[in-house]
Amino acid sequence: MAQNDDNRGKRPDDGPPDLEEIFRQLNQKLSRLLGGKSAQPGNNNGFGGGNSGMPSERGMKFGAAGIVAILGGLWLASGFYVVDAREQGVVLRLGSFDRISDSGLQWHAPYPFEQVEIVNLTEVRSVEIGYRGSAKSRVEEESLMLTEDQNIIDVQLSVQYDIKDAREFLFNNLALEEGAQDVVKQAAETAIREVVGRNKVDFVLNEGRGQIAVDTQRIMQQILDRYGMGVRIAKVNINDVQPPEPVIAAFDDAVKAGQDKEKLRNEGQAYANDVIPKAQGLAARLAQEADGYRQRVISTAEGDAARFQSVLAEYSKAPKVMRDRLYLDMMQQVLTNSSKVYVDQKAGSNLLYLPLDKLMQQTASDKAAEAKPAPAAPAPDAAAQPNQNMARPPVERDVVRGR
């Protein structure tokens with residue numbers, strides 16, 4: 001076969017490749033690279049020119065050493081790897097944990113002695129419980145839960161988590177899904193069912209959502225830490241809490257009734273806040289008035305007693321004079337409020353009796369009549385005036401005569 005044959009070194013269709021020809025071509029190329037002499041055409045042995053075969057064997061040795069060196073360099077270079085600032089490298093030696101590598105350019109013994117697993121620590125992963133994608137895509141076997149007062153409720157939540165320990169995450173995690181989503185999901189279902197089972201339905205539906213999320217996150221973290229999963233729960237979001245669809249109308253009526261109850265209670269409290277202070281103020285005023293009245297009566301009684309004591313002292317000095325004075329004071333006090341006039345005729349006095357009480361009543365009635373507008377009356381004629389003069393009481397004439 002000639003050396004310049006184009007089919008040399010090619011695999012025939014009916015047999016294996018010519019290994020001798022392949023090594024011969026490789027040896028020629030390495031000899032040229034290392035400065036050796038290449039095989040000359042027409043040489044019977046095909047391993048280089050010259051009379052002896054020693055130079056050709058030396059070239060093959062150098063070529064094999066070069067190949068080994070290149071392959072060894074490539075094998076050693078395969079141990080270099082780069083760790084990002086958000087990642088950690090876990091180096092495994094013969095399949096077991098050896099060390100943790102930080103960020104930057106790192107090197108480990110090439111395969112099969114050592115290998116490295118890169119774990120992203122800052123990537124936030126999420127898992128959904130009770131739904132998939134949207135709230136309408138419910139998963140009832142996950143969302144339906146039982147409360148403390150034996151009511152069924154539909155809860156949908158999402159959990160966000162990341163990795164806090166790369167070694168625990170790789171070696172203690174028997175998850176079947178990437179990122180340990182199945183393990184976190186199971187822990188989330190366990191925690192939310194425990195928290196919901198400890199509370200009543202009204203608390204879960206209304207004011208307790210924030211507290212339920214906090215308690216769920218705490219219990220999930222305790223479970224994962226107990227298992228050594230190397231996972232940190234970042235946040236638990238309660239997306240939707242509502243009763244099951246067949247009883248939503250009944251729950252809405254119950255919620256409305258509770259709101260009406262709260263409204264009426266607030267109105268009653270407002271009315272009480274308005275009435276009670278007024279009643280308390282009135283009671284305080286009456287108590288103060290009663291206390292003032294008591295003080296006044298006591299002071300009056302004490303004053304009367306003191307006056308009586310002083311009168312008694314004077315009475316003991318001049319009983320007759322004091323007796324007459326007391327009599328006159330009493331009669332003056334009695335007669336002041338009386339409308340009767342008494343005349344003493346035993347002494348032969350010419351004093352005439354005057355009906356002062358009638359005159360006082362007449363004066364009062366006249367003043368009252370003047371205060372009211374009287375209807376217009378016809379003018380009296382001259383014939384009627386003498387009758388009016390005669391109609392006057394004769395008392396005035398008697399008074400004039402007496403004078």
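Let me begin with pairing: two strands pair if DSSP finds at least two bridges between them, and the helices (H or I, at least four residues) and strands (E, at least two) that I name are DSSP runs, numbered from the N terminus. What you see is a predicted model, in which local features need pLDDT of at least 70 and side-chain atom pairs count only at pLDDT 80 or more, while totals for chains, interfaces and linings use all residues. Residues are numbered from 1 along each chain as its sequence is written, and side-chain values use heavy atoms, with hydrogens and water left out.

I will start with the sheet. Three strands form an open sheet in the order β3-β2-β5, with antiparallel pairing. Because β3 and β5 stand at the edges, each with a single partner strand, one side of each is left without a neighbour in the sheet. The twist averages 30° from one strand to the next, where axes are lines fitted to C-alpha atoms, for helices over the stretch in contact, and angles run from 0 to 180 degrees between N-to-C directions.

Strand β2, residues 87-93, is joined to β5, residues 114-120, by seven bridges, and to β3, residues 96-101, by five bridges. In the hairpin of β2 and β3, with two residues between the strands, Leu 94 takes a positive phi near 55°.

Turning to the core, which residues of the largest nonpolar core touch the most other members? They are Ile 153, Val 159 and Ile 233, out of 40 residues, a nonpolar core being a set of buried Ala, Val, Leu, Ile, Met, Phe, Trp, Tyr and Cys residues joined through side-chain atoms within 4.5 Å. Buried here means under 20% relative accessible area, exposed means over 50%, and partly exposed lies in between, with a 1.4 Å probe and protein chains only. The elements giving two or more residues to this core include β2, β10 (152-163), α5 (181-197) and β11 (231-242), and α5 gives the most, with eight residues. Not counting residues up to four places away in sequence, Ile 233 touches Val 184, Met 220 and Leu 224, among others, contact meaning heavy atoms within 4.5 Å.

Gln 156 lies in strand β10 and counts as buried, because its relative accessibility is 1%. Leaving aside neighbours within four places in sequence, its contacts include Ile 129, Tyr 131, Arg 138, Asn 237 and Asp 240. Gln 150, in the loop between β9 (144-146) and β10, is exposed, with a relative accessible area of 67%, and has a positive phi of about 60° although it is not a glycine.

Finally, the helices. Helix α8 (residues 248-317) and helix α9 (residues 319-336) pack at an angle of about 130°, with their axes 6 Å apart. That makes α8 oblique to α9, given that angles under 35 degrees count as roughly parallel, over 145 as roughly antiparallel, 65 to 115 as roughly perpendicular and the rest as oblique. Val 311 and Tyr 315 are among the α8 residues that meet α9, where the residues met include Met 322 and Leu 326.
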